[in-house]
Amino acid sequence: MQIQILDFNQLNTKQLYAILQLRSEVFVVEQDCVYQDIDGHDQKAQHVLFFNNDTLAAYARILPPKAYFKELSIGRVIVKQAFRGQKLGHQLMQACIEFCQDNYSNQPIKISAQQYLIKFYEQHKFTCVGKGYLEDGIPHIAMKRYD
């Protein structure tokens, strides 16, 4: 598994296409959610890519403070269906957290988590803050990690 963390300007067209294809495959088609995935925040993000040969198996983006939330944030966390059950989600989150710690020391990380994944994120020291809400018709909750 090849792991890369790239600024938007470092992405080549093949990588960008793979990111957008995977996000559409899971968030739009699999989760049956019509929403504006291309939201203007990708240009400010660090993109965490896990490739298995030429296939994008897992992905997330990291946004600096004030780019999306007041806090540093991790979002668009995704594992391709064919690669689920292999702990890639945990490896992906660990890579994101390590990048945040190395580049934004001692800053809280905020996520907007799908509620069914609360226990997953709790394993990475995130805690729920506030009440749940609907985001694009899917139950979510804000979570934060404090280092």
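Buried means under 20% relative accessible area, exposed over 50% and partly exposed in between, using a 1.4 Å probe and protein chains only. The model shown here is predicted, so local features need pLDDT of at least 70 and side-chain atom pairs count only at pLDDT 80 or more, while totals for chains, interfaces and linings use all residues. Residues are numbered from 1 along each chain as its sequence is written, and side-chain values use heavy atoms, leaving out hydrogens and water.

**View 1. An aromatic cluster of F120, Y121 and F126.** Let's start with Y121, which counts as buried because its relative accessibility is 7%. The ring of Y121 pairs edge-to-face with that of F120, at 4.9 Å centre to centre and 75° between the planes. Y121 and F126 have ring centres 6.1 Å apart and planes at 80°, so this pair is edge-to-face too. (Rings of Phe, Tyr and Trp, the last by its six-membered ring, pair if their centres lie within 6.5 Å; planes under 30 degrees apart count as stacked, over 60 as edge-to-face and the rest as tilted.)

**View 2. The largest nonpolar core, with 27 residues.** I62, I74, Y121, F126 and M143 touch the most other members. Helix α2 (88-103) is among the contributing elements, and α2 gives the most, with 8 residues. Such a core is a set of buried Ala, Val, Leu, Ile, Met, Phe, Trp, Tyr and Cys residues joined through side-chain atoms within 4.5 Å.

**View 3. H47 in strand β2 (residues 46-52).** H47 counts as buried, at 1% relative accessibility. Its side chain makes a polar contact (a pair of N or O atoms within 3.5 Å, one able to donate a hydrogen and the other to accept it; residues adjacent in sequence count only if both atoms are side-chain atoms) with the side chain of Y59, at 2.7 Å.

Technical notes
Helices (H or I, at least four residues) and strands (E, at least two) are DSSP runs, numbered from the N terminus.
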